[in-house]
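This briefing goes through one protein chain, topic by topic. Keep the sequence and the structure in view while reading.

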Amino acid sequence: MDYLVRSIDRDRNFRIFAAVTTGVAETARVRHDTWPVATAALGRVLTGALLLGANLKGQDMITVRVMGDGPLGAIVVSANAGGEVRGYVQEPHVDLPRKVEGKLPVGEAVGRGTLSVTRDLGLKEPFTGSVEIVTGEIAQDLTHYLVTSEQVPSAVSLGVLLNSGGGVRASGGFWLEILPGAGEKVLSALEENVGNLPPVSSMVDSGATPEDIAGMVAGRFQIGILGRTPATFKCTCYREKVEDLLISLGEEEMGKLVEAGDGAEVRCQFCGEKYFFIGEDLGRLLKKTVPKPGGQLC
Ligand SMILES: [Zn+2]
């Protein structure tokens, strides 16, 4: 089962958020029919959004947008406090030759551009911070974002391992957040730990839990678990919401759809869910539309 843990060391020098997201990444792959490099890129962003959203509460939301100029196009992911995450990659069918054996060219597929993070914290105005994409490998870019835009000294690691058929075999990640007042000795010890770790997808592949991952990042420092949250790929779309969208097309557009007599299929961009409307449904929705301003007045 996928979940996320929040942990802190005994001396309150750092926090570690760690997640296993194999199911989340695989669900996203199936829903969007992504090819390997897109599967890896989307899986990393989904995991990154979950980690950055580890401290969300109530109705809080976090949205990560990776707007690169590479063949994948935009990658947009949002997560909530309940560990529900959804997202898509603009071009799921991208295939690039591997330059390094076994390593998917995610950075090349993402390209350069901007990475932005929007924190929507209940009643407050949403806050968005952006940075230039540094490598396109996602983890380094999120680290760069945390350090420069949010001034939080951090190390982020993300990994998605695929099986030979292209399915997700293991996916996970961690975010090490250094708290104010942490001394140089602690920092250099953590740096050494993180530098010597195997890739996080290998840890997950060999059965490591989020607690195990956090423990390996912490090394000789003792940590306590602050909480666990299940992680699931779950969208916020539902049929009534799609109906409202159709109604908002207005009388003229909806009238054309009804006249065409083919019904309608609406696909949610975030999760790939398809909503079908037969002519009868559309006729009912047409009655709820309002004529566009500037149309016939009398
Ligand atoms: Zn959806």
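Two residues are in contact if their C-beta atoms, placed from the backbone, lie within 7 Å. The model is predicted. In it, M254, G255, L257 and V258 of helix α9 meet G279, L282, G283, L285 and L286 of helix α10. The points below start with the whole chain and then return to this pair of helices.

**The chain as a whole**

- The chain has 298 residues, and 40% of them count as buried.
- It contains 10 helices and 13 strands.
- Among contacts between residues at least 6 apart in sequence, 65% join residues at least 24 apart.

**Helices α9 and α10**

- Helix α9 covers residues 251-260 and helix α10 covers residues 279-286.
- Their axes lie 9 Å apart, and the two helices pack at an angle of about 155 degrees.
- Angles over 145 degrees count as roughly antiparallel, and α9 is therefore roughly antiparallel to α10.
- The crossing of α9 past α10 is left-handed.
- By type, the residues of this contact are six nonpolar, three polar and no charged.

**Helices α1 and α2**

- Helix α1 is formed by residues 22-32, and its axis comes within 9 Å of the axis of α2.
- The two axes cross at roughly 135 degrees, so α1 and α2 are oblique to each other.
- This crossing is right-handed.
- On the α1 side the contact involves V24, A25, A28 and R29, which meet T39, L42, G43 and L46 in α2.
- The residues of this contact divide into five nonpolar, two polar and one charged.

**How enclosed is α1?**

- A residue is buried if 20 or more other C-beta atoms lie within 10 Å of its own.
- Nine of the 11 residues of α1 are buried, so the helix is largely enclosed by the rest of the structure.
- The buried residues of α1 include V24, A25, A28 and R29, and these four are also named in the contact with α2.
- T22, E26, T27, R31 and H32 are among the buried residues of α1 as well.
- G23 and R284 are 261 residues apart in sequence, and their C-alpha atoms are 38 Å apart in space.
- Just after α1 comes D33, with a positive phi of about 50 degrees.

**Nonpolar cores**

- The largest nonpolar core has 71 residues, and those touching the most other members are A41, V45, L46, A49 and F174.
- Helix α2, residues 36-52, supplies the largest share of this core, with 11 residues.
- Leaving out residues up to four places away in sequence, V45 touches V64, V66, I75, V77, G87 and I138.
- Another core lies apart from it and has five residues, among them V242, L246, L282 and L285.
- L282 and L285 are also among the α10 residues that meet α9.

**Two loop residues with positive phi**

- R12 lies in the loop between β1 (3-9) and β2 (14-20).
- R12 is not a glycine, yet its phi is positive, at about 55 degrees.
- Which is R12, buried or exposed? It is exposed, with 11 other C-beta atoms within 10 Å.
- Q151 lies in the loop between α4 (139-148) and β8 (154-162).
- Q151 has a positive phi of about 50 degrees, although it is not a glycine.
- Q151 is exposed, with 8 other C-beta atoms within 10 Å.

**P230 in strand β10**

- P230 belongs to strand β10, residues 223-230.
- P230 counts as exposed because it has 12 C-beta neighbours inside 10 Å, and a residue is exposed if it has 12 or fewer.
- What does P230 touch, not counting residues up to four places away in sequence? It touches M1, D2, Y3 and G83.
- P230 and T21 are 209 residues apart in sequence, while their C-alpha atoms are 9.7 Å apart in space.

Note on methods:
Residues are numbered from 1 along each chain as its sequence is written. This is a predicted model: local features need pLDDT of at least 70, side-chain atom pairs count only at pLDDT 80 or more; totals for chains, interfaces and linings use all residues. Axes are lines fitted to C-alpha atoms, for helices over the stretch in contact, and angles run from 0 to 180 degrees between N-to-C directions. Angles under 35 degrees count as roughly parallel, over 145 as roughly antiparallel, 65 to 115 as roughly perpendicular and the rest as oblique. A crossing is left-handed if the near helix is turned anticlockwise from the far one by less than a right angle, and right-handed if clockwise. Ala, Val, Leu, Ile, Met, Phe, Trp, Tyr, Cys and Pro count as nonpolar, Asp, Glu, Lys and Arg as charged, and the others, Gly among them, as polar. A nonpolar core is a set of buried Ala, Val, Leu, Ile, Met, Phe, Trp, Tyr and Cys residues joined through C-beta atoms within 7 Å.
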